Amino acid sequence: MEAADEENALLLHLQPTPQAVASEYASDGSVDINKQPALKHSTGNWRACYTILGVGFSECMVFSAIATNLVTLLTTVLHESKVDAARNISSWAGVCYLTPLLGAFVADSYLGRYWTMVVFLPVYIVAMLVLIASASLPTLFHSDVHPAVVYLGLYLAAIASGGVKPCISAFGADQFDVNDPVELVKKGSFFNWYFFLTTTSSLLSGTVIVWLQDNVGWAVSYVIPTVLMLICFPAFLAGSRVYRFRKMGVSPLTSILQVVVAAVRKWHVKLPDDSSLLYEQASSPSTTEHKNKHTNQFRFFDKAAIVPSGNESTAQSSPWRLCTVTQVEELKMLLSTLPTWASFLVFYAVTAQMQSTMIEQGMLMDNHVGSFAIPPASMPIIGVLSFLICVAVYETILVPLARRFTGNEKGFSQWQRLGIGQALSILTMALAALLETRRLEIAEANGQEVPVPMSILWQGPVFFVHGAAEMFGSIGMTEFFYDQAPVTMKSLCAAFGQLAIASGSYLNTAVLSVVAFGTTRGGETGWIPDNLNEGHLDYFFWMMAALSLLNLALFVRYSMRQRGKET
């Protein structure tokens with residue numbers, strides 16, 4: 001008996017304490033590739049991030065190699081008109097920023113971030129091989145088939161981008177234990193390096209790759225990023241055993257659809273006067289860590305939480321018939337962001353000009369600085385540099401200065417920051433219109449000479465101001481959606497912000513179509529003809545500035561009402 005007691009005591013002594021076990025495994029519920037609790041010493045952390053950052057760098061270079069100079073490809077290789085090229089670019093960009101919403105849904109609901117990337121990265125590679133073939137072997141394709149092959153490659157890349165982009169940064173962040181103070185600091189460092197590398201990749205594409213496209217050939221410019229991705233993808237797969245994986249929960253999109261379906265099914269049911277009678281439970285997939293208080297906005301959706309009458313218990317009710325108050329309030333919170341989201345459609349329609357009409361304008365200007373010729377598609381780099389400069393100035397100078405006057409710890413409120421971004425967007429279009437008016441005057445004085453003897457560097461202020469607008473508007477919108485989003489919908493609302501870019505691109509497509517139809521009737525050349533010297537692109541820019549001004553007025557009115565409600 002004593003021997004058995006001594007043996008049990010020895011086993012208890014050798015058994016690790018709960019604290020030791022906790023320190024041995026990641027405390028955020030992460031698992032390894034075998035779905036076992038992730039060991040801290042052999043998974044995650046920076047050891048797992050190098051290959052993820054490599055994929056992010058290569059993906060950004062591949063995407064930028066396609067998007068940055070696409071207008072030149074469409075107008076010089078496929079011989080599309082200026083309007084058609086601008087319209088097709090906006091449509092393609094819209095798909096590129098729409099598919100991340102679907103990619104996020106697939107990752108959150110079915111495959112997980114890692115396997116979503118594993119599935120879509122090969123699609124990216126196939127897309128690039130199609131584009132390489134279309135550029136290097138154009139004689140093999142019939143004149144009617146060649147554009148179809150090019151667009152096949154473009155839209156395969158758009159689909160692949162939607163599967164990869166929403167997963168890279170999130171999967172990198174998954175490698176750090178948020179409950180570990182040391183790893184939490186490293187997580188912030190990861191985002192800094194991710195932003196630095198993707199920005200560097202964009203700069204390289206806007207300079208080196210664009211120069212190769214204009215001076216060497218499209219096939220060579222596509223081969224370089226493709227080879228880079230062919231190196232990074234196997235390296236990413238090789239690191240599978242050191243990655244940490246998060247368990248998938250209920251998809252936020254599924255929860256939203258459940259509320260909508262349940263409310264519609266009970267549209268004829270009268271809402272109770274006492275909101276405490278609506279259904280809530282102590283713990284559910286959507287309320288494990290939090291609950292939302294009931295509000296009186298969008299009351300129709302409260303019907304989704306009406307407890308069924310009769311013999312059916314709440315436990316037996318389908319989630320498509322009965323939802324919790326928290327689920328309903330999450331949908332309401334998402335709906336309350338819609339006006340702000342809608343106000344940025346015009347903002348991103350202006351952004352679409354930077355990759356289409358502004359480059360078309362630059363093609364007809366003198367792009368020589370000494371003996372060096374600046375590719376027109378490289379001019380948006382000024383906007384990228386402006387963005388980086390403005391971030392530094394904003395954090396070090398503007399915020400401390402504004403804090404003294406506003407009393408806001410962030411310097412500017414979210415509404416102020418978004419409003420400044422939209423105001424600078426108006427200024428961008430006004431400067432572009434003034435520049436085009438002057439360019440047309442010089443073209444007329446020189447007998448429609450092409451290129452117009454006017455330096456392309458005059459586009460610099462337009463791109464610089466737009467970079468500042470992006471710093472205030474785009475970052476401000478990202479912060480707005482993160483702060484306003486329900487706890488369970490942070491990723492979804494981030495994708496929702498990307499949807500604004502897609503919708504802005506489609507709005508630009510619609511506006512271009514209306515302008516082309518309205519200005520070419522009666523045999524007129526229109527505002528945006530193939531030879532811009534014969535048109536009035538300045539009128540189009542003034543129209544976009546006017547739309548932006550109207551949009552800003554509506555945004556200011558709405559933001560003042562919202563501040564009044566909050567007060």
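## Positive phi and a nonpolar patch

His 79 sits in the loop between α4 (70-77) and α5 (82-136); helices here are DSSP runs of H or I with at least four residues, numbered from the N terminus. This is a predicted model, where local features need pLDDT of at least 70, side-chain atom pairs count only at pLDDT 80 or more, and totals for chains, interfaces and linings use all residues. Residues are numbered from 1 along each chain as its sequence is written, and side-chain values use heavy atoms, leaving out hydrogens and water.

**Exercise 1.** Find the phi of His 79, then decide whether His 79 counts as buried or exposed.

*Solution.* Start with the backbone: phi of His 79 is near 55°, a positive value in a residue other than glycine. Most residues other than glycine have a negative phi. Next, take the accessibility: His 79 counts as exposed because its relative accessibility is 65% (buried is under 20% relative accessible area, exposed over 50%, partly exposed in between, with a 1.4 Å probe and protein chains only).

**Exercise 2.** Now treat Lys 35 likewise: where does Lys 35 lie, and what is its phi?

*Solution.* Locate Lys 35 in the loop between α2 (18-24) and α3 (49-67). Then read its phi, a positive value near 65°. Finally, with 71% relative accessibility, Lys 35 counts as exposed.

**Exercise 3.** Which helix gives the largest share of the nonpolar patch?

*Solution.* Helix α13 (residues 381-406) does, with 5 residues. In that helix you will find Leu 388, which counts as partly exposed because its relative accessibility is 30%.

Note on methods: Helix = DSSP H or I, 4+ residues; strand = E, 2+ residues; numbered from the N terminus.
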